[in-house]
Amino acid sequence: MRSAKWLTAAGLLTTATLVLTGCSAASSDEQASDVDLRMTVWTSNEDHLAMFDSIADAYIADHPEIASITFDPLPFADYTTTLTTQVAGGKSPDLAWILENTAPDFVDSGALVPIQETLEATEGYEYDDLSDAATKLWKSDGSLVAYPFSTSPLVMFVNNDLLAEAGQPTAAELRGEGNWDWESVSAASSAVNAATGKAGFVIRDFDYTSWDNLASIWDGWGAQPWSDDGATCEFASDEMTDAFTFIHDAAFEASAMPGPGTTADFFAGESAFTVTQISRASLLAEDGFSWDLLPLPAGPAGEYSIVGQAGIGVMSQGENPEAATGFLAYFSNPENSALLAQWFPPARNSQLNAETLAAANPVLSAEQIDDVVVPGILTGVVRQGHTDSAKISQTVRASLDAMWTADADVPAVLQGVCDAVDPLL
Amino acid sequence: MASSTPVLSDRARARSGGTRPRRALTYRQRDAAAGYLFVAPQVLGVTAFVLVPLALVVYFSLHEWNVLGNKFTYVGVENFERFFTDPQIVPVMQATGVFSIGLVFFNLVIALLLAVMLNRSMAGITFFRTIFFSPVVVSLVAWTIVWGFLFQDNGGINGMLEVIGIEGPNWLREGPTAMISVIIVQVFKNVGLNMVLFLAALQGVPRELTEAATMDGANARRLFTRITIPLISPTILLTFIITIVGSLQVFAQIAVLTQGGPGISTTVLVYYLFQQAFLFGEFGYGSVLSIVLFVIVLILTVAQWQLRKRWVFYEN
């Protein structure tokens, strides 16, 4: 019996030791000569990873204290959950890509190490070249804590073939006539659906769950989900009510956008319009349909532009924050920023030109870049974020589900959203 | 004589203050050591993966853990108090109850019906048994994703309904049908397992009993209710326990098909726990929810075990 107790005690002790060893593995030695850095990313594109590796190899060659730099792709759908679980498990990466909608959580919690001082002090970095609009989201107490490595405008892709099949003017013609607005897009979409059975306009990645993608519509009505200070819900405002009335009518009355549970992929030729980021242009087939690229249509509040962003931050719970900050300064210097611009529109004013962006987007014409992409980046605003983003996102999603039926009472549903989300603001 | 020399030598060394001789283990000690060695992997596994996590869950439930901010604060029973004031707990428990009741009822009834139908000797019967069992060995996520496509508004099920002139609902986007869809997916995933268990039980029912009852004038219904059901009652209890405990752990189907929606109509306890702990980073409250789930499963299992004497024919 006594032996049994000893065995049990030994087992518990062994396990506890293992757990504690795991937990304390995060203790760091900044001066270590064999530093292994790890950056979590959500791309698994082989070309992207090969380019990152080439930048890392060049850095390691000049920095003998760095033994390795690993880029760790995590699935996009669960990216933030996986990242925070790694942090909770004491296995924080040294650097991490951060989604714009979770930026406030990372920036305000102290999860990221301030990097501005290091970037400014790095020779040849040209910190002042970083666009103020691009860095705004990534500052804590006025100091940069993450580098905005991808600033990509939301644009409207148009399938001219479907519009022609439905006897509708092309989007360029609509724009030329001064009718490039959501009402015209909705009308053309209805006509396409009636004539071809294909979908009209699709807000890509919305899928009636990722509601924040609807910002690409409601910004045109001058609406926003909460006040600028994040303290008051504005879902029930007149502007938002009008915007959602438009969306609801488009989905359930005009058949201008596919309803819930119906999928339509623009890049497979299944819809006439889609709102998405320019990087999706790579999905266009070379011998596919005739297409065009336009800025977002104007809403009742006028013309507007939205950019999607992603940042790279140095995790404060990583093992080597100092070494990681040094690598980030190299990774985002002007030369590497130009290199990254192949896929990720840069945050540097000097690189926001047709020459750099044309190399990044070979399927886009110089005219499209000058006319749509560059103005989109320069004037675009980032979608509103908030701390506790996951909880707010889920709460709004659950409340907005009542909107997605044909007989929904739009103002009542939006008031319900505010009732639910107000305690979280 | 030669063999005793080393022993004498050891004793001599011991007397002269040299190295103490190693004492041989007795038979019982060797037996016990072997036993401990045999159970050691299991003990270590259970300790590492069950007991320590359980203890940690209780520990975490008394703390608030801000993962990103790296703050771990003792909050006492605050998380438990939150459970009793959380306005979402009632709908979550209702969804959990509806799912469990629906799953257990349909799963057991369909499994028993299938088992009765397939409990006969005829050509190709093994083929049909295999067909009904095959979903059990299919990857759960793959199974659920395929059903997700079928349940879309313009998916296969509504397409079939349209053929016969019925306009199907938007299955996964409307409250009642979303829960029905999730139950259907889970019922057909696991009904084959219970069917096989029932089949084995039915084949264990002594033929002479049914023959005797038939000779006494019992009809098919009476045979089934008075002979078959009592004799397979241990299997019914077993499948009931397995299914209801399994129903409380449903996660992948909800995550893939509905993400708890529409609204929170399909947010069952495990999915709510996942949301709180892993999506919202509320590990303390998530731990409380996992303790609640543990207690519910424990109570159900103990209650069913205690009630087996009433339910199960063989028990005294």
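This is a predicted model: local features need pLDDT of at least 70, side-chain atom pairs count only at pLDDT 80 or more; totals for chains, interfaces and linings use all residues.

Colleague: Is Gln259(B) buried, exposed or partly exposed, and what makes it so?

Modeller: A residue is buried if 20 or more other C-beta atoms, placed from the backbone, lie within 10 Å of its own, exposed if 12 or fewer do, and partly exposed in between. Gln259(B) has 18 other C-beta atoms within 10 Å and is therefore partly exposed.

Colleague: Which class does Asp141(A) fall into?

Modeller: Asp141(A) has 8 C-beta neighbours inside 10 Å, so it counts as exposed. The residue lies in the loop between β4 (139–140) and β5 (143–144) of chain A and, although not a glycine, has a positive phi of about 50°.

Colleague: How do you know whether the radius of gyration of chain A agrees with that of a compact globule?

Modeller: The radius is taken over C-alpha atoms, and the globule rule is 2.2 Å times the number of residues to the power 0.38. For 425 residues the rule gives a value near 22 Å, and chain A has 24 Å, which agrees. The C-alpha trace of chain A spans about 80 × 60 × 40 Å along its principal axes, and 45% of its residues count as buried.

Colleague: What does the rule give for chain B?

Modeller: A compact globule of 316 residues would have a radius near 20 Å, but chain B has 29 Å. Its C-alpha atoms fill a box of roughly 105 × 70 × 35 Å along the principal axes, and buried residues make up 28% of the chain. Chain B has 14 helices and two strands; chain A has 17 helices and eleven strands.

Colleague: What makes β1 (residues 35–41) and β2 (residues 66–73) of chain A a pair?

Modeller: Two strands pair if DSSP finds at least two bridges between them. β1(A) and β2(A) have seven, in the parallel sense, and this meets the criterion. One of the bridges joins Val35(A) to Ile66(A). From β1(A) the chain passes through helix α2 (residues 46–62) of chain A to β2(A), in a right-handed β-α-β crossover: with the strands pointing away from the viewer, the path from the first strand over the helix to the second runs clockwise.

Colleague: Which strands pair with β8 (271–277) of chain A?

Modeller: Strand β6 (residues 146–159) of chain A pairs with β8(A) in the antiparallel sense over five bridges, including that from Val155(A) to Thr276(A). β7(A) pairs with β8(A) in the parallel sense over four bridges, where Phe201(A) is partnered with Phe273(A). Six of the seven residues of β8(A) are buried.

Colleague: How do you know what span to expect of helix α9 (residues 182–196) of chain A?

Modeller: The expected span is 1.5 Å times one less than the number of residues. α9(A) has 15 residues and reaches 20 Å from its first C-alpha to its last, close to the expected 21 Å. Its buried residues include Trp182(A), Val185(A) and Val192(A); among the elements that cover them are β7 (199–203) and β8 of chain A.

Colleague: What counts as contact, and how many residues does each chain give to the contact between the chains?

Modeller: Two residues are in contact if their C-beta atoms, placed from the backbone, lie within 7 Å. Chain B supplies 29 residues and chain A 31. The largest share of the chain B side, seven residues, comes from α2(B).

Key:
Residues are numbered from 1 along each chain as its sequence is written. Chains are lettered from A and ligands numbered from 1 in the order in which they are written.
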